[in-house]
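Here is a friendly walk through one protein model, for you to follow alongside the coordinates. Please keep the viewer open as you read.

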Amino acid sequence: MKWKKLLLAGAVLAAAAGLVAGCGGGDKAPAPKAESQKIIIGLDDNFPPFGFKDKDGNLVGFDIDMAKEAAKRMGSDIEFKQIDWSSKETELRSHKIDAIWSGLTILPERQKNMLFSRPYENSVQIILVKEDSPIQSKADLAGKVVATQEGSTGLDAINSEPDVKASFKELKLYPDNVSGFMDLKIGRIDAMIVSQVVALYYNKQNDAGFRVVDAGYNRQPVGVGIAKDNEEFKKRLDKTLEEMKADGTSTEISMKWFGQDITI
């Protein structure tokens, strides 16, 4: 029976050696899939013309084209993820997304919570009203129902002028601009504070009968939001955006969506 015990012991040792080799000891173990090659972009997917679903359900828009081109040049796959816009900083901080690419204005308060790429566009907030509205200035918003998107630059602009805000009859917040545009058209609200290019695009595409009122807000740069601890990604993206601007690609994408060059 002694020879049987020796054979059994040898088999156990061989199995143990095979188990160690299979657990990745040494250079022969296959490398895992590099998930870091995929860039996950968080966005508002109901934000024409920056990012929205076309009639066939495809995600399209200015920022979509910009992000796809940048990812291609960086040698990365790309995935777009709809996020709750009011929780965008949390999504980024928890690394559920790698970047926010959705007409995101670069503001000091936001810079406390995230890095930003180089600016690629300038944005200005305006007052949007129906063509027959009596509103001609911010002073005329007194006693009116005014709206904007929750967590947006429009809301930041409103909050920056507490006296004007206090004069409103009501401030309504929408999860996306399109919902606000629809209510403006049927008269549920009197005015919206929104990005000028977004308002003009929607008005043209939908023959909505809106009019733009200059609210006197300053133009503000737009960039890509990036997690604070992802400086390397910021460097790569900045370089890519610089190249896209220099070779005319950003201008070409802008002309496609706006009929003018809004890039910087």
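## About the model

This is a predicted model, in which local features need pLDDT of at least 70 and side-chain atom pairs count only at pLDDT 80 or more, while totals for chains, interfaces and linings use all residues. Residues are numbered from 1 along each chain as its sequence is written, and side-chain values use heavy atoms, with hydrogens and water left out.

Helices (H or I, at least four residues) and strands (E, at least two) are DSSP runs, numbered from the N terminus.

## The five-stranded sheet

Let us start with an open sheet of five strands, which runs in the order S11-S10-S12-S9-S13 with mixed pairing. Two strands count as paired if DSSP finds at least two bridges between them. Strand S11 (170–174) and strand S13 (210–213) are at the edges with a single partner strand each, so one side of each has no neighbour in the sheet. On average, neighbouring strands are turned by 30 degrees against each other, direction ignored. Axes here are lines fitted to C-alpha atoms, for helices over the stretch in contact, and angles run from 0 to 180 degrees between N-to-C directions.

Strand S10 (residues 145–149) pairs with S11 in the parallel sense over five bridges. Across this pair, Ala147 stands opposite Lys172 in S11.

## Helices on the sheet

Two helices deserve a look here. H8 packs on the sheet and touches S9, S12 and S13, with its direction at about 110 degrees to that of S12; contact means heavy atoms within 4.5 Å. Helix H7 (residues 177–186) lies across strand S9 (125–130), S10, S11, strand S12 (191–195) and S13, and it runs at about 145 degrees to S12.

The largest pocket has a volume of about 330 Å³. Its lining holds 18 residues, and those closest to its centre are Val197, Leu200, Phe258, Gln260 and Ile262. Strand S8 (121–123), helix H8 (196–206) and helix H10 (249–258) are the elements that give two or more residues to this lining, and H8 gives the most, with six. By class, the lining has eight nonpolar, seven polar and three charged residues.

The second largest pocket holds about 150 Å³ of space. Among its lining residues are Leu107, Gln125, Tyr217 and Gln220. Helix H5 (residues 153–159) provides the largest share, three residues. This lining has three nonpolar, six polar and one charged residues.

A few terms: on a 1 Å grid over the protein atoms alone, a pocket is an open set of points where a 1.4 Å probe fits, with protein on both sides within 12 Å along at least five of seven lines, and lining residues have an atom within 4 Å of a point. Grid points are joined across faces, edges and corners, and a volume is the space filled by probe spheres set on the points. Ala, Val, Leu, Ile, Met, Phe, Trp, Tyr, Cys and Pro count as nonpolar, Asp, Glu, Lys and Arg as charged, and the others, Gly among them, as polar.

## Backbone details

Most residues other than glycine have a negative phi, and most peptide bonds are trans. Pro48 and Pro49 are joined by a cis peptide bond, with omega about 5 degrees. Pro49 sits in the loop between strand S2 (46–47) and strand S3 (51–53).

His95, in the loop between helix H3 (88–93) and strand S6 (99–105), has a positive phi near 65 degrees. His95 is partly exposed, with a relative accessible area of 42%. Asp207, in the loop between H8 and S13, has a positive phi of about 45 degrees. At 66% relative accessibility, Asp207 is exposed (buried means under 20% relative accessible area, exposed over 50%, partly exposed in between, with a 1.4 Å probe and protein chains only).
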